Amino acid sequence: MILSGVLLFPAIAFAAGEDPSIPLLLYLVVILVTAKLMGHLAILLGQPAVLGELLAGVLLGNLHLVGVHGLGGIATDPGVDLFARIGVVVLLFDVGLESTIRDILRVGLSSFLVAVLGVVAPFALGWLVGAWLVPEHSWHTHAFLGATLCATSVGITARVLQDIGKSRGKEARIILGAAVVDDVLGLIILAAISGSIVAASQGATSSGAWPQVEITLKAVGFLAGSLLIGTWITPRLFSSAARLRGSGVLIGVSLAFCFLLAHLAGVAGLAPIVGAFAAGLILEPLHFRKFDKQDIHSLEDSLRPLVELLAPVFFVQMGSKVDLTAFASTEALWLSLLLTVAAVAGKQVCSLGVLDRTVNRWAVGIGMIPRGEVGLIFASVGASLVLEGEKVIGATTYSAVVIMVIVTTLVTPPLLKWALADRNAPGEGEA
């Protein structure tokens, strides 16, 4: 079906005339089918499905290298891009739903220190790598490289811990607690950097560090304000919504709340994903107590099909923007290698934040390595921003970031299993 679609694509696109949805529909067929096939293959190989979806995009985006044309629009088509942008908002909303404000306040000192070190060290290393290997780019590019290394996709680690029966151990609690704070800190950094770029592109000429400080305060203020005000509003909002009759009221009002905060974040000069993540953090089962139990249970279940539809579009589009020909240059290869080294080394520094000596620090550091979808989201924001006529994250830099994401996602499961097995190995106490 995919091959026939590729062969017929030019004729179909021509026949589409003025209706842009017709080629978009074929793009979605190719994206979804390829994403699910590659996701299935990744799972068979013991890897997360998101890795297969990303590689599906890399494959589709580089088919022209083997003489197959007609699918270049996956990376550039406005319709696909709109689907991907909505998909990343819904994805961050879903990530936020997995945690609550109480989870942030409840994390222990070790989790907090691990999160702070796990953001500061990778950010600094990523900035240094950028300043060393791509000095011709502005500091915004170097800062964005550092921001992409701050992220942690803890879902991969959580799955491995569950597979080996360690999901309730001290290491798991520290990693999961740190991941919540890590996401918040990473999004603040992302908001500050992207906000300063938007301000600079609009002609802001303020000198010194104050513009960056101002945007950081704005990001912190937006998150804090939305969490405080949202916590007060949402119980009343959902109490009123519970009186409405009809199906899908809870999921409809929840998505409207998510899109509203994402819109307000965009209006405030921040990335919309900051608002979507805040919306997910605010909502918790306590706010839905006036709904039926079936409705409450159906919130995540109702959201899952939407995520499974839109998230693959985002990941495939992100993968399709990788230009494999860029790796013909030694610059791209060195950038990929050193970014990966910085990504791994930076998260090992965070293990120094573990205060309990009975905890396997190696396992905590390794558990924070995978960047997964969060790193891709950060990179996609940089690739969409333009300053002085050039993209902040260019094709070569973006391709290097994607390689870093793939490698950190691949190495974490075997390394984490090794670290935890080594912890229980005979004679470790003597060693």
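This is a predicted model: local features need pLDDT of at least 70, side-chain atom pairs count only at pLDDT 80 or more; totals for chains, interfaces and linings use all residues.
**Entry: Phe 144**

I then looked for Phe 144 in the nonpolar cores. The largest core has 104 residues. Phe 93, Phe 144, Ile 273 and Leu 339 are the ones that touch the most other members. I noted a second, separate core of 19 residues. Among its members are Ala 172, Ile 174, Ala 178 and Met 368.

**Entry: helix α8**

Phe 144 is one of the buried residues of α8. I asked how many of the 12 residues of α8 are buried. The count is 11, so the helix is largely enclosed by the rest of the structure. The buried ones include His 140, Thr 141, His 142, Ala 143 and Leu 145. Gly 146, Ala 147, Thr 148, Leu 149 and Cys 150 are on the list too.

I checked the length of α8 next. The helix covers residues 139–150. At 1.5 Å a residue it should span 16 Å. Its end C-alpha atoms lie 17 Å apart, which agrees.

**Entry: salt bridges**

I searched for salt bridges and got two.

One joins Arg 85 to Asp 81, with the closest N and O atoms 2.7 Å apart. Both residues sit in helix α5, residues 78–97. They are four residues apart, so about one helical turn separates them. Buried would need under 20%.

The other bridge joins Asp 182 to Lys 347, with the closest N and O atoms 3.2 Å apart. Asp 182 lies in helix α10 (residues 170–201), and Lys 347 lies in helix α15 (residues 330–349). The pair therefore ties together parts that are 165 residues apart in sequence. I found both Asp 182 and Lys 347 buried.

**Entry: aromatic pairs**

My search of the whole structure gave three aromatic pairs. Phe 123 and Trp 127 make an edge-to-face pair. Their centres are 5.8 Å apart, with 75° between the planes. Both lie in helix α7, residues 109–133. They are four residues apart, about one turn of the helix. Trp 127 is partly exposed, with a relative accessible area of 30%. Phe 123, Trp 127 and Trp 139 form one aromatic cluster.

**Entry: Ser 399**

I moved on to helix α18, residues 395–423, where Ser 399 is found. Ser 399 is buried, with a relative accessible area of 0%. Which residues does Ser 399 contact, leaving aside its neighbours within four places in sequence? I listed Lys 321, Val 322, Asp 323 and Phe 327.

**Entry: the whole chain**

Last, I took the totals. The protein chain has 18 helices and two strands. Of its 431 residues, 52% count as buried. The accessible surface of the chain comes to about 19,700 Å². Carbon and sulfur atoms hold 67% of that surface.

Technical notes: Residues are numbered from 1 along each chain as its sequence is written. Side-chain values use heavy atoms; hydrogens and water are left out. The expected span of a helix is 1.5 Å times one less than its number of residues. Buried means under 20% relative accessible area, exposed over 50%, partly exposed in between (1.4 Å probe, protein chains only). Accessible areas come from the Shrake-Rupley method with a 1.4 Å probe; for residues, only the protein chains shown count as cover. A salt bridge is a side-chain nitrogen of Lys or Arg within 4 Å of a carboxyl oxygen of Asp or Glu. Contact means heavy atoms within 4.5 Å. Rings of Phe, Tyr and Trp (its six-membered ring) pair if their centres lie within 6.5 Å; planes under 30 degrees apart count as stacked, over 60 as edge-to-face and the rest as tilted. A nonpolar core is a set of buried Ala, Val, Leu, Ile, Met, Phe, Trp, Tyr and Cys residues joined through side-chain atoms within 4.5 Å.
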